[in-house]
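Dear colleague,

Please find below the structure that I am handing over to you. The findings follow directly after it.

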Amino acid sequence: MHSPTFVSIAPKGTQTDSIKAYLEDVTDTLLASLPAIGTLSADERRGIIARYTAVLEGNFIYWMTGAYLAARSEAARSIITDNLLEEVRDSHPAMLRRFVVAADALPTDTDAIAVAPDLNEVRLFIGRLSPVPILATMAFFESWIQRFMPYLEDLAQRQGSSENEYTQVHGVCDIAHSEGLFHALQAEMALAGNSHESEKSLYEGVHLLRALIESIFTGRSSMALAA
Ligand SMILES: [Fe+2]
């Protein structure tokens, strides 16, 4: 796996490319850790859909709003605004709810509790409103969501659902969102320069979000395992 550092003598474009390569590797490793879909029981399939929903439904727009509040460059704010407009205008939470109801996988208290510790860590990270680390996190989030959609759609179909608007919109249309957020990240990095704060924490949110995604997959918190 690549492990680029934030401080580099490389031009900004190259620096963003190396961050993008690292984030793609994180996504590759996450997706490779998923069990073969045919080996999952109906209850295990339901659990992944439910935990994904418990995380995404009430938090995605909130965290993207955090990215907007943190961003300092006009370029990044404009890109995030377009993203938020689509989320709100087309009500992606309503779209996700239709998807999860059709798969009969509404989150229960057990599902919410399973993701709660890692979810809390990401919330606290977002609350610090550090521009470059937040943009790196949301760029990673968008690209991971986009690449996870075929698996999520397959899970739902195996649960008897034929509702695929959410997975189609986020699997195809979010390619543009994902690219846009990398441009936003580049704009924020250009404005921040090689500040010490950004250097230290560039991947902090990415790694917290990775742990949260792992808890979506497994139903277990990495923090509980470490305790
Ligand atoms: Fe969305």
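**Findings**

Asp104 counts as partly exposed because it has 14 C-beta neighbours inside 10 Å; here a residue is buried if 20 or more other C-beta atoms lie within 10 Å of its own, exposed if 12 or fewer, and partly exposed in between, with C-beta atoms placed from the backbone. This is a predicted model, in which local features need pLDDT of at least 70 and side-chain atom pairs count only at pLDDT 80 or more, whereas totals for chains, interfaces and linings use all residues. Residues are numbered from 1 along each chain as its sequence is written.

**Overall composition**

The chain has 10 helices and zero strands; helices (H or I, at least four residues) and strands (E, at least two) are DSSP runs, numbered from the N terminus. Of its 227 residues, 41% count as buried. Among contacts between residues at least 6 apart in sequence, 86% join residues at least 24 apart; two residues are in contact if their C-beta atoms, placed from the backbone, lie within 7 Å.

**Loops and helix α4**

Asp104 is found in the loop between α4 and α5. Although Asp104 is not a glycine, its phi is positive, at about 55 degrees. A positive phi near 55 degrees also occurs at Leu129, again a residue other than glycine. Leu129 belongs to the loop between α5 and α6 and is partly exposed, with 14 other C-beta atoms within 10 Å.

Within helix α4 (residues 92–102), Leu96, Phe99 and Val100 are buried. These residues cover an arc of only 90 degrees around the axis, which puts them on the same side of α4; the arc is that of the directions from the helix axis to the C-beta atoms.

Which residues does Glu163 contact, leaving aside its neighbours within four places in sequence? They are Arg98, Phe99 and Ala102. Glu163 itself lies in the loop between α6 and α7 and counts as partly exposed, with 16 C-beta neighbours inside 10 Å. Glu163 and Ala102 are 61 residues apart along the chain, yet their C-alpha atoms are separated by 6.3 Å.

**Helix packing**

Two packed helices are described by the angle between their axes and the distance between the axes. Axes are lines fitted to C-alpha atoms, for helices over the stretch in contact, and angles run from 0 to 180 degrees between N-to-C directions. Angles under 35 degrees count as roughly parallel, over 145 as roughly antiparallel, 65 to 115 as roughly perpendicular and the rest as oblique. A crossing is left-handed if the near helix is turned anticlockwise from the far one by less than a right angle, and right-handed if clockwise.

The axes of helix α2 (residues 42–70) and helix α5 (residues 109–127) come within 10 Å and cross at roughly 20 degrees, so the two helices are roughly parallel to each other. Their crossing is right-handed. Residues of α2 in this contact include Ala50, Ala54 and Val55, while those of α5 include Ala112, Val115 and Leu119. By class, the contact of α2 with α5 has nine nonpolar, two polar and two charged residues; Ala, Val, Leu, Ile, Met, Phe, Trp, Tyr, Cys and Pro count as nonpolar, Asp, Glu, Lys and Arg as charged, and the others, Gly among them, as polar.

Helix α2 also packs against helix α6 (residues 131–158), at an angle of about 155 degrees and with the axes 11 Å apart. That makes α2 roughly antiparallel to α6, and the crossing is left-handed. Among the residues that meet are Ile48, Ile49 and Tyr52 in α2 and Ile134, Leu135 and Met138 in α6. The contact of α2 with α6 has 14 nonpolar, one polar and two charged residues.

Helix α5 has a further partner in helix α9 (residues 204–218): their axes come within 9 Å and cross at roughly 165 degrees. α5 is therefore roughly antiparallel to α9, in a left-handed crossing.

**His170**

Not counting residues up to four places away in sequence, His170 touches Ile145, Gln146 and Met149. His170 and Glu142 are 28 residues apart in sequence and 8.7 Å apart in space, C-alpha to C-alpha.

With kind regards
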